[in-house]
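Good morning. I will take a few minutes to walk through one structure, beginning with a single residue and ending with the contacts between chains.

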Amino acid sequence: MAERFKVIGTRPVRHDGADKVTGRAIYGGDLQLAGMVHGKIVRSPHAHARIKRIDISAAEKLSGVLAVVTAADLPDLRDKVADLGEGSVNLAHLGANVLAHQKVLYKGHAVAAVAAVNSHVAEEAAKLIRVEYEPLPAVTWVLDAMKPDAPLLHDDVYTEDMAGGRAGEGTSNVSKYLLFEEGDIEKAFASADVVVEREFKTASVHQGYIEPHVSTALWNHDGHLTIWTATQGAFTARQQTAELLQIPVSQVTVVPCEIGGGFGGKIPVYLEPVAALLSRKCRRPVKMVMTRAEVFEGTGPTPGSFVRVRLGAKKDGRMVAGQAWLAYDAGAYPGGMIGPGCMCVFSCYDLPNYKVEGYDVVLNKPKTAAYRAPGATQAAFAAEQVVDELAERLGIDPIDLRLKNAAREGTKRVGWPAYPKIGLIETLEAAQRHPHYRAPIAGPNRGRGVATGFWFNIGLKSSASASVNPDGTVTLIEGSTDIGGTRTSVAMQLAETLGIAAEDVRPQVGDTDSVGYTDVTGGSRVTFATGLAAYQVGLDIRRQMAERAATLWDCKADEVTFDGGTFRRNGESIGFKQLAAKANELGGPVVGRASVDPAGPTNGFGLSIADVEVDPDTGKTTILRYTVFQDAGKAIHPSYVEGQMQGGTVQGIGWALNEEYFYDGEGRMRNASYLDYRMPTALDLPMIDTVIIEVPNPAHPFGVRGVGETPIVAPPAAVANAIYHATGVRMCELPMSPPKVWAALSKTQR
Amino acid sequence: MAIVHIPTQLRSLTGGAEHVESPGGNLKQVIAALDSAYPGMAERLLRDGSLSPSLAVSIDGAFTNRGMLAKVGPQSEIHFLPAIGGG
Amino acid sequence: MPRKSHLQTTINGQPVEFLCENRQSLLEVLRDELRLTGTKEGCNNGNCGACTVLMNGVPVNSCLVLGVEAEGAEITTIEGIADEAHLHPIQQCFLEDAALQCGICTPGFIVTAKALLDRNPSPTEQQIRFELANNLCRCTGYDKIVRAVQHAAERLQEAAN
């Protein structure tokens, strides 16, 4: 495609840049309102217990305390289900997760909350709330939770299949059993020349955003509830909060503050309804900020998992059959990521015969939440290592093996219709040509690994509106909370459509009162879907401006053409800026609007090449060199596409090498701090090189596919494959932390 | 007649058939016709008359946003899938 | 209510007086008493660096410094990095090199980087990574942050010559 864009593909400074580098940007914790008070939550010390009694009397009497709430202050939510745009939610479960009802199901489960004049008094008051528990046995490993004699978390959870049918007898910790099957795998495996089967385990990990959850609520005397919060979606936060409080959405306004990271973890509500309940009692704005320990213990890590993968191929490399068995944590309440896990495990391959089984399992850990391509990374850690082993046994280059079996347009996939035009093959070829892949890797204990990754990338709804200012600039209001710079990539698409500079669009993220309904920032959808809305806003503005030009030239609007920022008719022409200056006298102010709901998925494929060195004395793995490849469709702002690729990769590296929830014998997390939950620092990494591939998405005017999530999927497998090639030892458990690698190396030396 | 791909876990209702043809100009009609031919199908796919919240539906490769009123063409391909989101 | 102490400091070059309880950290004083909310709280126990300020020229985690320890100190926060006319070259390079995504860690990194470049105007990549290891970022993977600091060092050297 010939480069014909003026703005798209350039690298302007982001519009919110000055505020962000000077500390002026207002994040949730920076908000200060007159009369504001502070809330604190009381949390369960037990992994599993019945709540016998909650005594709030001493707390209420403490000087400086204004309100105390428990689950008794929430309405009855039994049998209520809400559709939150990304899937359905059982409101009784969401409500009980926000404030425990009858039982606590994980250490850190919220039980009560108090509002006081400052956070220190609130902490003191929280200590005075007496909760009587009857501790119960706890279970924190997914396979243990599936056993018939496992402690049962719920007396109303039954095993269901994909379509609401029963898939088991009686109550269970297994809330879902999925099965996808095509062809005849046993016959196909029997015909294979090589079959590889392995089992893998992964631990719970957290999204790790540096900003803790924070919400401020004011339930005013007029009955209106305003919430300022760190959220990935003001509209979903509004809907969840309204549903949990059983009040109409028209009574709730959610103002999204600048947000310090989300990655999926700031989609569910935790503090918003609690702050609202406290504010209803004391009629003051109530601000609640989580501590770091609360973030780890009281929000939504991604599932830990057990995955078994079997792949069979002919000696020429053609894969004939695949089988996967996946069990994923749901956390304390049903509804985890097993569906995407099942559908992603073989998503890079054309498999004529497959059988994929998946289990969603409740256990005494926090309710899982989405974490960047939720469920895909655990599946890829397994499948991509089996593919690597297959390549070795067949004597075929790992990228060649993938090319031979690569999914492409028309390939059917597990549970899904055939792929449209996708960029996996282009991505594989780019990697194979790249100097990194051909660079020698010399030295003992050094090795190279590759792995591919996939995420669906969704569409969903976005709204935007924009006003043309007399100086030819355009003020844009859109509804996608900005966690990575998307207000700029969206503004650039509007600028491109109008033929003006990116700097001449002023983007803002609106609250639920000032912009049309917009689904979450997540699912790799904003540059795609909100960008599409901005493009349509641009078309709407062009139509109206053409009418203004028609008035100026005394002709019909359809005689006016537009190209590259200039309106023309019959030899006459006028630029966007000049016409904007006259718009008011030629028919009035120009305001464009659009609301879109494009169909997903846009299908993002990526690949990692990782070079590592393993220290045999300590088991420590050092990343020597790393290159990330990804098909972005079209990179609107290449710096921010590179940033997504690098950031997701480093999260994946942390997941691979160090991060895990460490549980003791009583089911309690023991490392709920950044000291012991060890995320990568600048010193742990080299530069992360990026290669953006562009196979345009036909369903978007500029070819955009989502980019945000795919980068996290491949790294744990790529690093594991590299460790194997460095040491001869295949690590089948995450994290591949030094003690584990050292132990595995020591075993082979005996 | 649209071609409906039957998820593995619903094939017990269709006697094992993996794809079936079904008449109908929109999803509601297609599901009603499916239910006539294979009793019990509607109960599994729907909740309170709408598509079950744990399911998504793709018509000709794209997720639809029109729910039960989504148009179905004479040769459309319909898939029912677990709902997915993102993070 | 606990008695408050009266403190006198210099913050971003200006004399500042404040009252605080003994149990309040410097981070809390800056954000809640002095409304200097550019310095952020990420963990409150010295492990993420989002609260980094310069105390007598040295980067410290302000969550681990008590407000009462600031008596007589010269404190620089993110609000004091730019001057009236211009952003500091470190800030400018962060923007040009897209070294931020959500931006919550950015104030801490900029303050740490300033202390580094004030002390060592030509750091190697390893030296930069070592100095920045106390600042956690979850969004960027650090690549563009390190490059921005390298570019800022070059720009400051050019300006000095």
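Start with Asp519 of chain A, which is buried, at a relative accessible area of 4%. Bear in mind throughout that this is a predicted model. Asp519(A) sits in the loop between β23 (505–509) and α16 (526–553) of chain A. What does its side chain meet? The side chains of Asp519(A) and Tyr517(A) are joined by a polar contact of 2.8 Å.

Next, a strand. Which residues point which way? Val214(A), Thr216(A) and Leu218(A) point one way from β13(A), while Ser215(A), Ala217(A) and Trp219(A) point the other way. Residues on both sides are buried.

β13(A) has a partner in β14 (residues 225–229) of chain A, and the two pair in the antiparallel sense over 5 bridges. Leu218(A) has Thr226(A) as its bridge partner in β14(A). Between the strands of this hairpin there are 5 residues, and Gly223(A) has a positive phi near 85 degrees. β13(A) also pairs with β16 (residues 286–289) of chain A, in the antiparallel sense, over 4 bridges. There, Thr216(A) is opposite Lys287(A) of β16(A).

Now salt bridges. How many are there over all chains? By the rule used here, the count is 55.

I will pick out a few. Lys461(A) and Asp597(A) form one through their side chains, at 4.0 Å from N to O. These two residues are 136 residues apart and link distant parts of the chain: Lys461(A) is in the loop between β20 (446–455) and β21 (462–468), and Asp597(A) in the loop between β27 (591–596) and β28 (604–614), of chain A. Are they buried or partly exposed? Lys461(A) is partly exposed at 33% relative accessibility, and Asp597(A) is partly exposed at 22%.

A second salt bridge joins Lys577(A) and Asp504(A), with the closest N and O atoms 2.8 Å apart. Lys577(A) lies in helix α17 (residues 576–582) and Asp504(A) in the loop between α15 (486–498) and β23 of chain A, so the pair ties together parts 73 residues apart in sequence. Lys577(A) is partly exposed, with a relative accessible area of 37%, whereas Asp504(A) counts as buried at 17%.

Salt bridges can also be linked to one another. Arg14(A), Asp16(A), Lys20(A), Glu258(A), Asp482(A) and Arg487(A) form such a network.

That leaves the interfaces. The size of an interface is often given as the accessible area lost when the parts come together. For chain A and chain C, about 4400 Å² is buried between them, 57% of it on carbon and sulfur atoms. In chain A, the residues that lose the most area to chain C are Val21(A), Ile210(A) and Met687(A), together 17% of what that side buries. In residues, 57 of chain A are in contact with 51 of chain C.

What holds charge to charge here? There are 5 salt bridges between chain A and chain C. One of them joins Arg23(C) to Glu124(A), with the closest N and O atoms 2.8 Å apart. On the chain A side, two or more residues come from each of α1 (17–22), α4 (119–128), α18 (638–657) and β30 (688–693). α18(A) gives the most, with 9 residues. By class, this side has 26 nonpolar, 22 polar and 9 charged residues.

The other interface is between chain B and chain A. About 2500 Å² is buried between them, 60% of it on carbon and sulfur atoms. The contact takes 25 residues from chain B and 39 from chain A. The rule finds 2 salt bridges across it. In one, Arg11(B) meets Glu182(A), the closest N and O atoms being 3.4 Å apart. There are also 7 residue pairs in polar contact. On the chain B side, β5 (55–59), β6 (62–63) and β7 (77–82) each supply at least two residues, and β7(B) gives the most, with 4.

Finally, back to Arg11(B). Its side chain also meets that of Glu18(B) in a salt bridge of 3.9 Å, N to O. Arg11(B) counts as buried at 12% relative accessibility, while Glu18(B) is partly exposed at 33%.

Note on methods
Residues numbered from 1 in each chain as written. Chains lettered and ligands numbered in written order. Predicted model: local features only at pLDDT ≥ 70, side-chain atom pairs only at ≥ 80, totals over all residues. Heavy atoms only, no water. Buried < 20%, exposed > 50% of the residue type's maximum accessible area, 1.4 Å probe, protein only. Pairing = 2+ DSSP bridges. Polar contact = N/O pair within 3.5 Å; in protein donor to acceptor, adjacent residues only side chain to side chain. Contact = heavy atoms within 4.5 Å. Buried area = accessible area lost by both parts, 1.4 Å probe. Nonpolar A, V, L, I, M, F, W, Y, C, P; charged D, E, K, R; others polar.
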